[in-house]
Amino acid sequence: MRPDIIRKSTDGFRVAPNLLDYQDERRSFSWDLIRAELGVAADGPLNIARLALDRHADGPRAGRTAFRFLPASGEPRSMSFAELARATDRFANVLRALGVAKGDRLYVLAGRVPELYVAVLGALKNGTVVSPLFSAFGPEPIATRIRIGECKVLVTTAELYERKVAAIRDQLPSLQHVLLVGVTEGELPPGTFDLARLMADASDTFAAADTGPEDPALLHFTSGTTGTPKGAIHVHEAALMHFATGRYALDLHPNDIFWCTADPGWVTGMSYGILAPLLHGVTSVVDEADFDAERWYRILQDQLVSVWYTAPTAIRMLMKSGPELRGGYRFPQLRFLASVGEPLNPEAVWWGQEVLGLPIHDNWWQTETGGIMIANLPALDIKPGSMGKPLPGVEALIASRRDDGRVDEVQQNDVVGELALRGRWPSLFRGYLGQEERYRKCFAGELYLTGDLARCDGDGYFWFIGRGDDVIKSAGHLIGPFEVESVLLEHPAVAEAGVIGKPDEMVGEMVKAFVSLKPGFESGEALRRELLGHARKRLGAAVAPKEIAFLPTLPRTRSGKIMRRLLKARELGLPEGDISTLEGGS
Ligand code: AMP
């Protein structure tokens, strides 16, 4: 039997962790100390991209590789801090020439191509707010997010534009400029620019916009149970959190080669795939290709990756690929492994230990927190299955909401309640764009309520129990059931739609939809396929349901809301719980 705990001992580290004494570091930590280290004043100018790039480009690390891009096929391409600083200055000049100003919003929709990284950092230098869209989104999620954020500039590839945006362009009045990557000679779609040409004509020195700590920098969309997606606003000061967590939770050291496998279309890929390693002057590997077990082992080996940040779904896929594949590879440089986004099964923590020679360190955070909050830190013993302990500068607790809306802190160990965080920190979101009420509801006094259910044990380790709402976590990505239901309802045959996350061994949860049909429509295989195809075309592969089932009617509350909880309980053969609000129920 495996023990419940993986013990750490100081002589077991190849490189001494940045955080050795947890209690001591928590006591002495302050954001002012982090500011002093980064050379910023509490109310002085602060630009996240300048801090991440120019600080190094103007110093001894100028020639160090910032990103090593590995294309799906062909030769890797490296960019040093100095090169990236110049390219991003160029991009900022492109924006300025187009009349794109501080506070305007720029979206990126591309795979992990170099131009995306340049655009994100160049826009931030210009004070332009950046919002990433996942490249596997279909036209519907793209259009919704562009409308909510009144996106002014879109950077995308010629291929994605043609496939996903061109047909809906006239429905997006805010979108003034589209800058395309990978344009073939003589084939520029109407109303777009060839980014390479604009870059060639722009100067590579740029006087940065005068951003301050509270100016918006990033807009990350996340999903709720109801209504439209929520655009979480993050400010330039979030850089302090990215830096501090890069130090404590990812243990970044100056000579590391870091690989964050998350796509920058999501918050992890932005905060830790771009900003945190740059803030530390560390080299990052970026793989442009999709997951492939053998390729990943090869990257870990050949790129001499020392710190690896990945996700449970990817780990489970590696586990499934079997030990033979892993057999031929060696990872002498690898020294720290971390994972985020979904519960990490104890099995996976041990797999790391047994197959890669190192345990995997789970950590927890969410779009709204803007940075890692709770983590299995390198010097702390690991309790496999636990998310770890709050970082220095973070106070986590378990809360319970009373019926009258008041919130109490749960004092007892091991009691399940809502995970809450006390106080304010630099990367805490500053609002949901245009949705003040939804934002306000996340707070009770000085507590931020995360919506996740968890417990805390007697040693201060936090354990994830589940989400408090109906939002679906599939392959690490949040999917709002409402968004999927809305698209199904667009189909002429569909009268009602209810969408749930169905537990899945590989991706955590898969999207399953239940529909009832309008009179005159017959359920059957042909219609099921048609609905799957309709949803996939509109929503994209990342969001569309994988299964659709027909029901004569869907269970609703007396107030008319579809009871997803009941659909899920029935699907899983679980007790139906309290159904007193069920329409037609007792
Ligand atoms: P997102 O905002 O897309 O990053 O998703 C955040 C949500 O993912 C959290 O509220 C949790 O429900 C889930 N999550 C993130 N990290 C973990 C983890 N280590 N264990 C369990 N769930 C997690």
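# Exercises on a predicted model

**Exercise 1.** Which residues of helix 17 are buried, and how are they arranged around its axis?

Solution. 
- Step 1: a residue is taken as buried when its relative accessible area is under 20%. In helix 17 these are Leu527, Leu531, Leu532, His534, Ala535 and Leu539.
- Step 2: viewed down the axis of helix 17, the buried residues fall within an arc of 160°, so they line one face of the helix.
- Step 3: an α-helix has 3.6 residues a turn, so residues three or four places apart point the same way.
- Step 4: on the face of helix 17 turned away from the buried side are the exposed residues Ala526, Arg529, Arg536 and Lys537.
- Step 5: the buried residues of helix 17 pack against helix 6 (139-149), helix 16 (481-489), strand 25 (494-504), strand 26 (508-517) and strand 27 (547-550).
- Step 6: just after helix 17 comes Gly540, with a positive phi of about 90°.

**Exercise 2.** Carry out the analysis of buried and exposed residues for helix 2 (residues 31-38).

Solution. 
- Step 1: the buried residues of helix 2 are Trp31, Ile34, Arg35 and Leu38.
- Step 2: down the axis of helix 2, these fall within an arc of 100°, so they line one face of the helix.
- Step 3: Asp32, Leu33 and Ala36 are exposed on the face of helix 2 turned away from its buried side.
- Step 4: the cover over the buried residues of helix 2 includes helix 3 (48-57) and helix 9 (238-248).
- Step 5: Gly39 follows helix 2 and has a positive phi, near 70°.

**Exercise 3.** Which residues have the most contacts inside the largest nonpolar core?

Solution. 
- Step 1: the largest nonpolar core has 103 residues, and Phe91, Ile274, Leu278 and Tyr309 have the most contacts inside it.
- Step 2: leaving out residues up to four places away in sequence, Phe91 touches residues including Leu106, Val118, Leu179 and Met199.
- Step 3: a second, separate core of 46 residues includes Leu527, a buried residue of helix 17.

**Exercise 4.** How many residues surround the ligand, and which are the closest?

Solution. 
- Step 1: 16 residues surround the ligand, the closest being Asp362, Asn363, Thr367, Asp452 and Lys473.
- Step 2: Asp362 places a polar side-chain atom 2.8 Å from a nitrogen atom of the ligand.
- Step 3: an N or O atom in the side chain of Thr367 is 2.5 Å from an oxygen atom of the ligand.

Definitions and conventions:
Residues are numbered from 1 along each chain as its sequence is written. This is a predicted model: local features need pLDDT of at least 70, side-chain atom pairs count only at pLDDT 80 or more; totals for chains, interfaces and linings use all residues. Side-chain values use heavy atoms; hydrogens and water are left out. Buried means under 20% relative accessible area, exposed over 50%, partly exposed in between (1.4 Å probe, protein chains only). Helices (H or I, at least four residues) and strands (E, at least two) are DSSP runs, numbered from the N terminus. The arc is that of the directions from the helix axis to the C-beta atoms. Contact means heavy atoms within 4.5 Å. A nonpolar core is a set of buried Ala, Val, Leu, Ile, Met, Phe, Trp, Tyr and Cys residues joined through side-chain atoms within 4.5 Å. A residue is near a molecule or strand if one of its heavy atoms lies within 4 Å of it. A polar contact is a pair of N or O atoms within 3.5 Å; within protein, one must be able to donate a hydrogen and the other to accept it, and residues adjacent in sequence count only if both atoms are side-chain atoms.
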